[in-house]
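This briefing is meant to be read alongside the sequence and the coordinates. It turns to domain organisation, then to one interface, and then to the ligand site and the salt bridges.

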Amino acid sequence: MINLAAAWIADPRTVAVMDALEAAGGAGCARFVGGAVRNALLGAVVDDIDIATTLTPQAVSAALAAASLRAVPTGIDHGTVTAISGGRPFEITTLRRDVSTDGRHAVVAFTDDWALDAGRRDFTMNALYADRAGAVLDPTGVGVADALAGRVAFVGDPQTRIREDYLRVMRFFRFHAWYGAGEPDRAALAACAALKGPVAALAAERVSKELMKLLAAQDPRAALAAMAETGVLAIATPGLENLGRLSGLVEVEAQLMAEPDAGLRLAALLDDDPPASAAFAQRLRLPNALRDRLAAALDPSLALTSWMSPREARRAVYQIGQAAFADRVKLTWAAAPNSAQAPQWRALLALGETWTPPTLPVSGVDAVAAGTPKGPLVGAVLREVEAWWIDQDFPDDRAAAAERLKAVVQGMVP
Ligand code: ATP
Ligand code: MG
């Protein structure tokens, strides 16, 4: 019997939720499940806590209300109520068994049978439960061993399980990237390859969520390579071709001792072609902020080199902004991560972080005061002054800028 000694189990906020549920359903009516148990077993970080219970969703809501805990009906049809305890969310789901599935939607029925609930979960390492004392329950009998060995294996027959929900193809590679060791499970891989077609018809948000989680793994390269080999990558997320640059970026991040940057990794996989990345973002329904980041990071009109001078670098930072500059430096470096140019790239990154682009010391008001008629000429005059100012390396000198402005107005205004 394995006993988890995790701080989150003893946390008063967790205890309050378990107390509330057990007050209604008796001892043992609720258990921790899924990622929290798996990660506690592996000594990995636990972010969100899922709880499975024999109580119906209505009984869960009532139990939480009786304990003065806030309940949010997150997915009441699917049996999920989120409890907020001390500001922390707990997803509480009634034990379920599948009634029918069409690969995209499942009809579920509630049950009080823990083994049936385990049977509809995707991977053996995700079908683990722990009671409030931390004792691990493993209804499939192999979940603990698989988790410890890094074996991402389906609960039951892989093909059958994928036909119930094609998102499991994406989840297989995501969990392999995070928790897999060695070669992916062969039966699972073969099933993913054989049944990849319908992944293209899934809701784009569900696919992109799994993709971004996969890319946030410390080293997603082996999982991505397996996705490419099976043809899943081309069907699920067409347009991600540059596995070589992604690999380089992972090495650059390691050299920088930086956290995995899923957004930039996605950029690395795409081509330097903003219209293409915009189409990709649209198709996968990516958030607008990520769409814009990709477009800026993949704009080839501004080429960076490891030998550019600080002055040239400042010009580039001014033109594309600090964030896009850092992204472009890393993407360019990623093309040859182990070259002797690392110190140069690091210096450019440091410059981009510490140098905040200044604003032009003169404005439209100054242009008008100097005799420019209001209208399009104001912008033209300012752009001319700005070009000079950039060329002078952004002098913080309002008098010099005003003088230049005067000269420009004399020459440009009829
Ligand atoms: P993490 O939250 O760390 O990414 P997790 O294991 O908690 O990992 P979730 O996506 O939050 O993953 O799902 C919670 C649990 O619900 C899983 O562990 C699994 O048991 C089950 N589950 C989620 N999605 C599916 C699915 N499509 N098919 C079968 N079971 C699923
Ligand atoms: Mg989770």
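Into which domains is the protein chain divided? In this predicted model, the chain is split into domain 1 (1-149), domain 2 (157-238), domain 3 (242-357) and domain 4 (364-412).

**Extent of the interface between domain 2 and domain 3**

- The centres of domain 2 and domain 3, taken over C-alpha atoms, are separated by 26 Å, and the contact draws 20 residues from domain 2 and 17 residues from domain 3.
- The size of an interface is often expressed as the accessible area that is lost when the parts come together.
- For domain 2 and domain 3, the area buried between them comes to about 1,400 Å², with 71% of it on carbon and sulfur atoms.
- On the side of domain 2, Met-212, Leu-215 and Arg-221 together account for 36% of the area buried against domain 3, which is more than any other three residues supply.

**Polar links and composition of the interface**

- The interface of domain 2 and domain 3 is crossed by 1 salt bridge, and a salt bridge also joins the side chains of Arg-221 and Glu-251, with a distance of 3.4 Å from N to O.
- On the side of domain 2 that touches domain 3, the elements giving two or more residues are helix 10 (204-215), helix 11 (221-230) and helix 12 (232-236), and helix 10 gives the most, with 7 residues.
- Sorted by class, that side of domain 2 consists of 14 nonpolar, 3 polar and 3 charged residues.

**Surroundings of ligand 1**

- Ligand 1 is surrounded by 15 residues, of which the closest are Arg-38, Asp-165, Arg-168, Arg-171 and Arg-174.
- An oxygen atom of ligand 1 lies 2.6 Å from an N or O atom in the side chain of Arg-174.

**Salt bridges in the structure**

- The structure holds 22 salt bridges, and one of them brings together the side chains of Asp-122 and Arg-171 at 2.6 Å, N to O.
- This pair links distant parts of the chain, 49 residues apart, with Asp-122 in the loop between helix 5 (114-119) and strand 8 (129-130) and Arg-171 in helix 8 (residues 167-179).

Conventions: Residues are numbered from 1 along each chain as its sequence is written. Chains are lettered from A and ligands numbered from 1 in the order in which they are written. This is a predicted model: local features need pLDDT of at least 70, side-chain atom pairs count only at pLDDT 80 or more; totals for chains, interfaces and linings use all residues. Side-chain values use heavy atoms; hydrogens and water are left out. Domain bounds come from an automatic or database domain assignment. Contact means heavy atoms within 4.5 Å. Buried area is the accessible area (1.4 Å probe) that two parts lose on being put together, summed over both. A salt bridge is a side-chain nitrogen of Lys or Arg within 4 Å of a carboxyl oxygen of Asp or Glu. Helices (H or I, at least four residues) and strands (E, at least two) are DSSP runs, numbered from the N terminus. Ala, Val, Leu, Ile, Met, Phe, Trp, Tyr, Cys and Pro count as nonpolar, Asp, Glu, Lys and Arg as charged, and the others, Gly among them, as polar. A residue is near a molecule or strand if one of its heavy atoms lies within 4 Å of it. A polar contact is a pair of N or O atoms within 3.5 Å; within protein, one must be able to donate a hydrogen and the other to accept it, and residues adjacent in sequence count only if both atoms are side-chain atoms.
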